[in-house]
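Have the model open beside you and follow along.

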Amino acid sequence: MTILRTNFPPLQPFYLKLITAIKVLWWKLFYNITIGRGTIIRELRYISTDSGPIKIGHHCVINALALAGPIEIGNNTLVNLHSDISGRKYKVIIGDNVLIAPHVAIMATIHNYKNRYELIKNQGTDGGDVVIEDDVWIGTNVVILPGTHIEKGAVIGANAVVTNDIPPYAIAVGIPAKVSGYRE
Ligand SMILES: CC(C)(COP(=O)(O)OP(=O)(O)OC[C@H]1O[C@@H](n2cnc3c(N)ncnc32)[C@H](O)[C@@H]1OP(=O)(O)O)[C@@H](O)C(=O)NCCC(=O)NCCS
């Protein structure tokens, strides 16, 4: 289901453009969500800006299942079906031209759990900003843990768990994700 499209085909009637402009303004004013031109949002089942705003750039396609701010997404970025991006206490920053496959989980905040005498749910949370730079491709089922930085042009193989920083143009696979090569 398409929730919002801000792409305006040249022949789109004026009243449809107006409705879209009102929707974008509505999301901005009442939900703290900024959406750029030409962006399409579909399939979203959960969205929260309780912990921070969500900013999505121009010409993105967001088919994600869940988004929880603070999140910043650049331009021309694709987030595929059933993916879950969650900032909460920290921020998720995603660059331009990033491809995120289906079933990817990106989280900037996790539960503290070390004290066995306290319920995990009562131990609070910790984490760190997640940064995914331009032209990164993230394979299906990847999990990206808090505080990680995936640098420009890197590729993360399907099913990897990213626990450390990934250098520019690296191809990283496995659990934990390790560099197996570099793009030529
Ligand atoms: C990582 C990937 C891009 C391939 O990279 P590559 O460098 O061309 O990989 P190769 O096929 O040459 O394999 C290199 C090595 O990594 C291993 N490998 C490749 N992909 C792997 C993965 N996802 N997890 C673990 N190991 C993997 C290979 O088995 C091989 O190991 P070996 O050297 O011991 O034989 C690809 O395997 C992948 O995971 N693509 C994501 C596909 C996807 O999720 N698409 C979703 C739609 S957008």
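This is a predicted model: local features need pLDDT of at least 70, side-chain atom pairs count only at pLDDT 80 or more; totals for chains, interfaces and linings use all residues.

I started at Ile106, whose bridge partner in strand 18 is Ile144. Two strands count as paired if DSSP finds at least two bridges between them, and strands here are DSSP runs of E with at least two residues, while helices are H or I runs of at least four, numbered from the N terminus. Strand 13 (residues 105-107) and strand 18 (residues 143-144) run parallel and are joined by 2 bridges. Residues are numbered from 1 along each chain as its sequence is written.

I traced an open sheet of 6 strands with parallel pairing, in the order 4-7-10-13-18-21. Its edges are strand 4 (46-48) and strand 21 (161-162); each has a single partner strand, so one side of each is left without a neighbour in the sheet.

I then followed an open sheet of 9 strands, with mixed pairing and the order 1-3-6-9-12-17-20-22-23. Here strand 1 (2-5) and strand 23 stand at the edges with a single partner strand each, so one side of each lacks a neighbour in the sheet.

I checked some pairings in that order. Strand 17 (residues 137-138) pairs with strand 20 (residues 155-156) in the parallel sense over 2 bridges, and Trp137 stands opposite Val155. Strand 20 also pairs with strand 22 in the parallel sense, again over 2 bridges, with Ile156 opposite Ala172.

**Entry: the hairpin**

Strand 22 and strand 23 pair in the antiparallel sense over 4 bridges. I found Ile171 opposite Gly181, and Val173 has Lys178 as its bridge partner. The hairpin has 4 residues between the strands, and Gly174 takes a positive phi near 90°.

**Entry: the core**

The largest nonpolar core has 40 residues, and Ala154, Ile156, Val162 and Ile166 have the most contacts inside it. Such a core is a set of buried Ala, Val, Leu, Ile, Met, Phe, Trp, Tyr and Cys residues joined through C-beta atoms within 7 Å. I looked up Ala154: not counting residues up to four places away in sequence, Ala154 touches Val136, Ile166, Pro168, Tyr169, Ala170 and Ala172. Contact here means that the C-beta atoms, placed from the backbone, lie within 7 Å.

**Entry: the ligand shell**

What surrounds the ligand? There are 13 residues, the closest being Ala101, Gly139, Thr140, Gly157 and Val173; a residue is near if its C-beta atom, placed from the backbone, lies within 6 Å. Strand 22 (170-173) and strand 23 (178-182) are the elements that give two or more residues to this shell. I sorted the shell into 6 nonpolar, 7 polar and no charged residues.

Gly157 lies in the loop between strand 20 and strand 21. With 17 other C-beta atoms within 10 Å, Gly157 is partly exposed. Leaving aside neighbours within four places in sequence, Gly157 is in contact with Gly139, Ile171, Ala172 and Val173.

**Entry: helix 1**

Just after helix 1, Asn32 takes a positive phi of about 65°.

**Entry: His111**

Last stop was His111, in strand 14 (residues 109-111). His111 counts as exposed because it has 12 C-beta neighbours inside 10 Å. Leaving aside neighbours within four places in sequence, His111 is in contact with Ile120, Gln123 and Thr125. Cys60 is 51 residues from His111 along the chain, and their C-alpha atoms are separated by 31 Å.

Key: A residue is buried if 20 or more other C-beta atoms lie within 10 Å of its own, exposed if 12 or fewer, and partly exposed in between; C-beta atoms are placed from the backbone. Two residues are in contact if their C-beta atoms, placed from the backbone, lie within 7 Å. Ala, Val, Leu, Ile, Met, Phe, Trp, Tyr, Cys and Pro count as nonpolar, Asp, Glu, Lys and Arg as charged, and the others, Gly among them, as polar.
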